[in-house]
Amino acid sequence: MKSSKHASGKERLEKKEARERDIAKSLEDYDNQFHPKGESLSVAHRVYRVKFVRSFMKAGVPLNKIDCFREILEEKAFSLTSSRHLSDFIDVIAKDEKKKVKEEIEGRDASIIFDGTTHVAEALNIILRFVTEWKVHQRLIRLLLVTKPMNGEELAHQLLSTLSVDFSIPPSSLLAAARDLASVNSVAIRHLKILYPNLVDICCFSHTLDHVGKKMATCTPHLEKFMKSLVSLFAHSTHSRIAFKAITGKFLKSYSETRWLSKYEMTVQVHDLFGDIPAFINGSQIPEVTARNLQDILNVSRSCPYSQ
């Protein structure tokens with residue numbers, strides 16, 4: 001009983017029991033408000049169902065898949081119900097997670113990262129960052145789908161509602177906000193600083209470095225032209241990707257317009273495998289016009305007095 005294995009097992013059991021008590025309390029609050037179907041079942045039975053739904057969500061498995069596994073999952077455990085009724089527990093889980101985050105950040109300083117992406121009209125996400133014992137934690141605290149893009153005032157309202165109302169972050173505890181340079185974000189920051197005066201506005205370093213990289217590309221025009229031709233080639237020709245793998249032993253890393261580092265990764269890989277590039281260009285697996293263009297770029301760059 002004094003072994004470390006026994007002590008760690010006991011600690012895990014205590015944490016498990018504490019989490020199950022928290023779930024039971026959340027279920028009790030939910031029942032008092034909505035009186036859902038199945039509230040007369042035992043607490044242990046309903047806690048099991050909530051844990052089951054949480055596991056599926058954590059793994060990113062759609063809840064409607066539960067219906068396919070239901071027979072085998074009920075074989076030696078509590079009975080489940082249809083995915084339609086199990087989905088009612090999502091609200092319970094969301095409130096329980098919100099409560100857990102509020103406990104984690106209580107008395108701590110924090111910062112946020114926020115941005116929107118296209119989804120129907122827009123999907124806003126807010127990420128909270130805080131530090132405990134020199135470990136950085138990140139929590140997604142808001143994901144909002146809207147039918148039309150928000151203006152600065154509407155975005156500021158969502159930020160203030162989430163931070164001040166939902167998570168009770170006091171004015172002195174929000175130290176920074178990281179965002180890109182979209183004008184709507186600048187307006188939102190100005191409104192946010194009224195309630196959170198200690199806020200440091202951090203514009204996106206990735207955007208800044210990307211702009212620097214684009215300026216630097218003008219100093220290497222032959223390399224830029226060569227890489228653009230390769231990006232275009234591999235975007236439209238599966239045979240070329242296979243041929244590159246056959247000659248160099250590696251697939252060329254893929255390019256993405258929204259992942260700034262991808263072009264740099266491609267350039268580094270071409271540099272490392274440059275000894276095999278002529279053989280790839282002169283092979284028969286890539287279009288003749290493209291091969292000629294790539295070879296012309298190589299010839300020009302080799303004759304350039306600054307190519308070394």
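## Report on a predicted model: pocket, helices and loop residues

The lining of the largest pocket comprises 9 nonpolar, 8 polar and 6 charged residues; here Ala, Val, Leu, Ile, Met, Phe, Trp, Tyr, Cys and Pro count as nonpolar, Asp, Glu, Lys and Arg as charged, and the others, Gly among them, as polar. The structure is a predicted model, in which local features need pLDDT of at least 70 and side-chain atom pairs count only at pLDDT 80 or more, while totals for chains, interfaces and linings use all residues. Residues are numbered from 1 along each chain as its sequence is written, and side-chain values use heavy atoms, with hydrogens and water left out.

**The largest pocket**

The space in the largest pocket amounts to about 730 Å³. Of its 23 lining residues, Gly 213, Lys 214, Trp 260, Lys 263 and Tyr 264 are the closest to the centre. Two or more lining residues come from each of α8 (205-217), α9 (221-236) and α11 (261-272). Helix α8 gives the largest share, 9 residues. On a 1 Å grid over the protein atoms alone, probed at 1.4 Å, a pocket is an open set of points with protein on both sides within 12 Å along at least five of seven lines, and lining residues have an atom within 4 Å of a point. Grid points are joined across faces, edges and corners, and the volume is the space filled by probe spheres set on the points. Helices (H or I, at least four residues) and strands (E, at least two) are DSSP runs, numbered from the N terminus.

**Helix α10**

Helix α10 spans residues 238-248, and Ser 240, Ala 243, Phe 244 and Thr 248 are buried in it. Viewed down the helix axis, the buried residues of α10 fall within an arc of 110°, so they line one face; the arc is that of the directions from the axis to the C-beta atoms. Buried means under 20% relative accessible area, exposed over 50%, and partly exposed in between, for a 1.4 Å probe and protein chains only. The buried residues of α10 pack against α9 and α12 (277-281), with contact meaning heavy atoms within 4.5 Å. Exposed Thr 238, His 239 and Ala 246 sit on the face turned away from the buried side of α10. Just after α10, Gly 249 has a positive phi of about 85°.

The 16 residues of α2 (43-58) reach 22 Å from first C-alpha to last, close to the expected 22 Å at 1.5 Å a residue, where the expected span is 1.5 Å times one less than the number of residues. Among the buried residues of α2 are Arg 46, Arg 49 and Arg 54. Its buried residues pack against α1 (4-34), α3 (66-73), α4 (83-86) and α5 (89-105). Just after α2, Gly 60 takes a positive phi of about 75°.

Thr 81, in the loop between α3 and α4, is buried at 14% relative accessible area. Leaving out residues up to four places away in sequence, Thr 81 touches Arg 49, Arg 70, Glu 74 and Leu 86.

**Loop residues with positive phi**

Most residues other than glycine have a negative phi.
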